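Visitor: I'm new here, and I'd like a friendly walk through what's on the screen. Could you take my questions as they come?

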Amino acid sequence: MDEAYDGLGITYDFFWNIFERHSIDDEGMPLQGIVHFGKEYNNAFWDGQKMTFGDGDNDLFKRFTISLDVIGHELAHGVTEDEAGLVYFNQAGALNESMSDVFGAMVKQYKLNQSSDKADWLIGAELLSEKVSGKALRSMSDPGSAYDDPILGKDPQPKHMNDFVNTFEDNGGVHINSGIPNRAFYLAATNIGGFAWERAGKIWYETLKDARLRANTGFKRFANLTVYNAIRLFGQGSVEEQAVQNAWNEVGIKTSIKEPLQYAH
Amino acid sequence: MLIDFKSDGGIAYFPGLNRSKLINTDSLSNEDSMKAKELVQRCRFFSITYNEVPQRGADRKTYTISITDGDNKNIIRVSDPVEDEALADLISFLNKLSRKAR
């Protein structure tokens, strides 16, 4: 319980100190978390109102409060639902998942005071038991490399659009194809340098709040909006804009700016 | 009694855990077989109807359970958190059986 309480507190502090966001709804919504859910429950989830964490079966998984980025991931689902309502299916769902990994990773880096080049960019690095042949649930720097285990199988995340997975499993592959935008964020953050939340994180957060981020937004539209927001925040031709464009290009998404840059925000 | 149990979703996608499990109670130990039948009866499985698709939230697990016992057959789909306690107990037990069968 202390772990969940502390993790939610650190996540709140991160959103407040970095983005001046007052909780999930930016209006001070109380953070409610349930721990010890079910029996040997292997999961953590956001149900639209609160976060729930299982204790794990202690065979494959340890308790789901053990990784700060997992706590940050679940709370960030609430932020995404509040701001953009990204539909939990196909590319919009994968963006929803990616936003949670992006903020979850930054919460951990913030706690550790880590610059982007020092971070491990793993999600749930503490969660898998010693029996499992793997290092985490996901790798943002190298999607598809987090685990390869006889029981869990092989990490199916792609890191490039050429390997995009079309499936009805996992709500249309929301935890699978999130590897693509995850790697784009990792590339943008490490190419810009410094702390991830200072510039790349700011661009992603402002994109999440952008009124043009529709509920059914796909990867390309999201990528274009990150470029718009990089320009709005740091200027056209800035290092940040270039880094964001290059990051998306490297994962197989060519950005284009066809609309006027001026818009109400 | 034949039980087809599938758990989908959750905080990560693991190909090895996402497969449907077919459980024949005749192949279980006496204790597990009796427990499975008792839990199926207790949640009145053959008379409940659930076909839920969560409207909000993320990382929830969705369970698809199909059970055939003689002429009785039913299939349901529910997502966490499962409010029906008797059904939640059945799901927890089926998860346990799935783990044993790994």
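## A walk through the model

Visitor: Let's begin with one residue: is B:Leu22 buried, exposed or partly exposed?
Guide: Keep in mind that this is a predicted model. B:Leu22 has 13 other C-beta atoms within 10 Å. A residue needs 20 or more to be buried and 12 or fewer to be exposed, with partly exposed in between. So the label for B:Leu22 is partly exposed.

Visitor: Which residues does B:Leu22 contact, leaving aside its neighbours within four places in sequence?
Guide: To place it first, B:Leu22 sits in strand β2 of chain B, residues 21-24. B:Thr49 is 27 residues away along the chain, and the two C-alpha atoms are separated by 21 Å. Once the neighbours within four places are set aside, the contacts of B:Leu22 are B:Leu2 and B:Asp4.

Visitor: How many residues does each chain bring to the contact between chain B and chain A?
Guide: On chain B's side, the elements giving two or more residues are β1 (2-9) and α2 (85-100) of chain B. By class, that side of chain B has 8 nonpolar, 6 polar and 8 charged residues. The contact takes 29 residues from chain A and 22 residues from chain B.

Visitor: Over to chain A, then: how does its radius of gyration sit against the globule rule?
Guide: Chain A comes to 8 helices and 7 strands. For its 265 residues the globule rule gives 18 Å, and chain A is close to that, so it is as compact as a globular protein of that length. Its C-alpha trace spans about 55 × 40 × 35 Å along the principal axes. The radius of gyration itself is 17 Å.

Visitor: What share of the residues of chain A count as buried?
Guide: Contacts first: among those in chain A with a separation of 6 or more, 55% come from residues 24 or more positions apart. As for burial, the share of chain A's 265 residues that count as buried is 53%.

Visitor: Which strands stand at the edges of the open sheet in chain A?
Guide: This sheet has 3 strands in the order β1-β3-β2, with mixed pairing. Each edge strand has a single partner, so one side of it is left without a neighbour in the sheet. The edge strands are β1 (33-37) and β2 (44-46) of chain A.

Visitor: What is the bridge partner of A:Ile34 in β3(A)?
Guide: β1(A) and β3(A), residues 51-54, run parallel and are joined by 3 bridges. In β3(A), the partner of A:Ile34 is A:Thr52.

Visitor: Which strands of the sheet does α2(A) touch?
Guide: Helix α2(A), residues 68-83, has 16 residues and reaches 22 Å from first C-alpha to last. Of those, 14 are buried, so the helix is largely enclosed by the rest of the structure. Its direction makes about 20° with that of β2(A). Where it packs on the sheet, α2(A) touches β2 and β3 of chain A.

Visitor: Which helices do the buried residues of α6(A) pack against?
Guide: Helix α6(A), residues 200-209, is mostly covered, with 7 of its 10 residues buried. Among them are A:Trp204, A:Tyr205 and A:Leu208. The helices these buried residues pack against are α1 (2-19), α2, α3 (90-112), α5 (179-192), α7 (219-234) and α8 (239-250) of chain A.

How values were computed
Residues are numbered from 1 along each chain as its sequence is written. Chains are lettered from A and ligands numbered from 1 in the order in which they are written. This is a predicted model: local features need pLDDT of at least 70, side-chain atom pairs count only at pLDDT 80 or more; totals for chains, interfaces and linings use all residues. Helices (H or I, at least four residues) and strands (E, at least two) are DSSP runs, numbered from the N terminus. The expected span of a helix is 1.5 Å times one less than its number of residues. Two residues are in contact if their C-beta atoms, placed from the backbone, lie within 7 Å. Ala, Val, Leu, Ile, Met, Phe, Trp, Tyr, Cys and Pro count as nonpolar, Asp, Glu, Lys and Arg as charged, and the others, Gly among them, as polar. The radius of gyration is taken over C-alpha atoms; the globule rule is 2.2 Å times the number of residues to the power 0.38. Two strands pair if DSSP finds at least two bridges between them. Axes are lines fitted to C-alpha atoms, for helices over the stretch in contact, and angles run from 0 to 180 degrees between N-to-C directions.
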